[in-house]
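Have the structure open beside you and follow along.

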Amino acid sequence: MATQPSTKYQPFVPEQASMKEFTARAMLIGLVMTVVLGAANAYLGLRAGVTIAATYPAAVISMAILRARRGTILEENIARTAGSIGESVAAGAIFTLPAFLISRSWPSFGFKDAYWKSTALMLVGSVLGVLFVSLVRRVMVEDPELPFPESVAASEIHKAGQRGAEAARFLFYNIGFGALVYILGVFRLFAADKEAFVRIGQLGRSTVRLGAGENAPSLNVGGVTVVPAPSVSPAYVGVGYIIGPRLAALNFSGGLFAWGFMIPMLIYFLGPQLQSFLPPGSAEAGPWEGLANQVWRYIVRPIAVGGMMVGAAYTLFRMRKSLSIALGRTLKELATPPAELDKEGRLNQYMTSKSVLGLIGVTFVVMAVLYVYLAGTVLVGLVAAVVMLIAGFFFSTVSGSLAGMIGSSNNPISGLTLSTLIIAALLLVTLGVSGAPGVVAVLGVAAVVCVSAAVAGELLQDFKVGYILGGTPRTIQIAELIAVVVASLVMYFPLWILHEGNIRSGGIGFGSRELPAPQAGLMASLAQGIVGGEMAWPLVVMGMLMGLVMILVQVRSPMLFAVGMYLPLATTFAIFVGGVIRGLTEALRDRGGQRMSPLMTRLVFGQNAPLILRDAALNDAQKARVENTGILIASGMIAGEGLMGLLVAAFALFEVRTPEIFTRPSYALGLVVLGILAYVLVKVPLSNAGSPDEPAPPSATM
């Protein structure tokens, strides 16, 4: 049995090979990437409600830097492993930590009130994620039924190697390009957003009769609403490009349903009542913008919360077979006696189950003390700690299994966290817990489980890359533990900068239009609604029925539709534009040079296109290069705006005035900038399709 794995599988680096792996430079590169990529994803997640997997950019960056310094492939693997985990810690943080402030469980998000609490929750959750998945690492990594698509892609990137400098060029150039476009919008060279006011009927004159006769009762109706245009944002466009036209369209349809149907209808009927809240003579648009946003925030958003609840439950229901398989593997692994690792070779050296269980026990004690401190009562803290331990292990294992099946990019972390929150809330209510202590305990459980599940999925993916390349499992575990500790210690600061910077700019911080934090808002609403009794249940039930209707008509992702309702329309509109650009790129890629004029072929594919393409369509290798280049460009734009957004928020925090090029910038110029973004995302990937006889690169599965 001991020789069976070696006869069936041979890693890229043989077990007997002596090669540098865990080095100071590899860890340093990885830790810098985990902070930078994690901070960029925190910005993106708070604004758009999504994060982008950092595995692919981290692989490209680590390879480009270490190859230039003659590093080994195993050093590259350690740097990528440490560099990609920050995104998972950031995802767990932005999905849950703002909920403490939105629910008013914490008085502020200042350093004194929130840093140590936030850091403790992130640290415990991330460490538990590493430990939980370590218990089931072997059975899942070596399972031939788990394809691990993103792990295979990342390992192939490291193997390919020779195109590393070219790939890094696309990534780094577009980090600068995305940052430049964003800062020019901040400097008011162009208007990044635009809203049009639309009159719905005429206030004081429009009526709706509730009958056919002349004496039938009638309602006074009419009002003014706003219709936003797409934000000129490299990050949003990049997100839409990466998720593709179908998902971007589904996300946008939710926003269109909210702002094109629900809000106009509500304002049409509530207009005469809403006008009483406005100053005299305000019938001509102006202040109506604020009222439209209030209708969206306090009426439409609770309906979207109900839709997200049903969507999350439906997502888990569709994955019921995967969940049962993951649970079965976990129980089987726990029942298996621990291997005698001292007799194993390098590729089978990892932390023993005894060590892992001991660390889990220590972490549980720390977590119980923290929950008692947060909730203020011993019973609530202990119950929350037990729920956290059971749910955390279950959903961390599920997350790892799902990452093996569909990749961590598609892992429904928020759905898993939502299930945990509901279970914890209902259990605490059954025990008679209510009020602020119950809300804090529920959110504390959700925060730890969310971070744990996110880290577990990413770590199992990293284990698989190491398994393919021939990395030492124990070294990967140590690198991950160091990286999650560093990420947990610093991830509070990007969130604090964005929150406080938004307040200094006139916003309200988390939950504002600029930082909607949709998942955190959902967690806060559910915790308050179930435990604190503050939820608008009729609106939530309407949203749940809406979600059921979407399931019955076979909407692909009711959750994504509801998230689109929850996010500002300008955001989902820009993401949709990015998806359309991706669809256009793919259409031109599949068409190749066929049925195009010579001028169009040069514009789309580049000056040398006739020599490369002539009248032939692109082959599979060229299509893969187009896809990879496009995703690298989009990833660079996202990272560029994310990092520059943090810098601008820091300017606002420290009251540093930014220059204004125009006092009244033009949105028409913004549309020109949007066109430039589209041109880059179409032209550059297609013009780098390469020669038909070049070998196919690894596919950038995102």
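**Entry 1: a histidine to start from**

I began at H499, which sits in helix α17. A caution before going on: this is a predicted model. Is H499 buried or exposed? Its relative accessibility is 3%, so I put H499 down as buried, the cut-off being under 20%. Next I asked which residues H499 touches beyond its neighbours within four places in sequence. I found L101, F109, I508, G509, F510 and L515.

**Entry 2: the rings around there**

Two of those contacts of H499, F109 and F510, turned up again in an aromatic cluster. I listed the cluster as F100, W106, F109, F111, Y115, W116, Y492, F493 and F510. My count of aromatic pairs came to 18. One of them is W106 with F109, a stacked pair with 6.5 Å from centre to centre and 25° between the planes. Both W106 and F109 are buried.

I then turned to Y268 and F269. Their ring centres are 5.3 Å apart and the planes meet at 75°, so I noted this pair as edge-to-face.

**Entry 3: the chain as a whole**

I stepped back for some totals. The chain has 25 helices and 4 strands. Of its 702 residues, 59% are buried. I also looked at contacts between residues at least 6 apart in sequence, and 85% of these join residues at least 24 apart.

**Entry 4: the nonpolar cores**

In soluble globular proteins, nonpolar side chains tend to be buried together. I looked for such groups here. How many residues does the largest nonpolar core have? I got 162, and the residues with the most contacts inside this core are L121, Y371, L495 and M565. Helix α15, residues 435–469, gives the largest share of the core, with 20 residues.

Setting aside neighbours within four places in sequence, M565 is in contact with G254, G255, F257, A258, M262, W296, V300, I303, A304 and M546. M565 is also one of the buried residues of helix α20. That helix spans residues 558–566 and is mostly covered, with 8 of its 9 residues buried. I wrote down the buried ones: P558, M559, F561, A562, V563, G564, M565 and Y566.

**Entry 5: the largest pocket**

My last stop was the largest pocket, with a volume of about 1,700 Å³. Its lining has 50 residues, and R47, V186, D193, S505 and E514 are the closest to the centre. Which helices supply at least two lining residues each? I noted α2 (24–48), α8 (164–186), α10 (288–318), α17 (492–504), α21 (569–591) and α24 (620–653). The most comes from α24, with 6 residues. Helix α17 on that list is the one that holds H499, which brings me back to my first entry.

Terms used
Residues numbered from 1 in each chain as written. Predicted model: local features only at pLDDT ≥ 70, side-chain atom pairs only at ≥ 80, totals over all residues. Heavy atoms only, no water. Core = buried A, V, L, I, M, F, W, Y, C linked by side-chain atoms within 4.5 Å. Buried < 20%, exposed > 50% of the residue type's maximum accessible area, 1.4 Å probe, protein only. Contact = heavy atoms within 4.5 Å. Phe/Tyr/Trp six-rings, centres within 6.5 Å; stacked < 30°, edge-to-face > 60°. 1 Å grid on protein atoms, 1.4 Å probe; cavity = no way out; pocket = protein on both sides within 12 Å on 5 of 7 lines; lining within 4 Å. Points joined across faces, edges and corners; volume = space filled by probe spheres on them.
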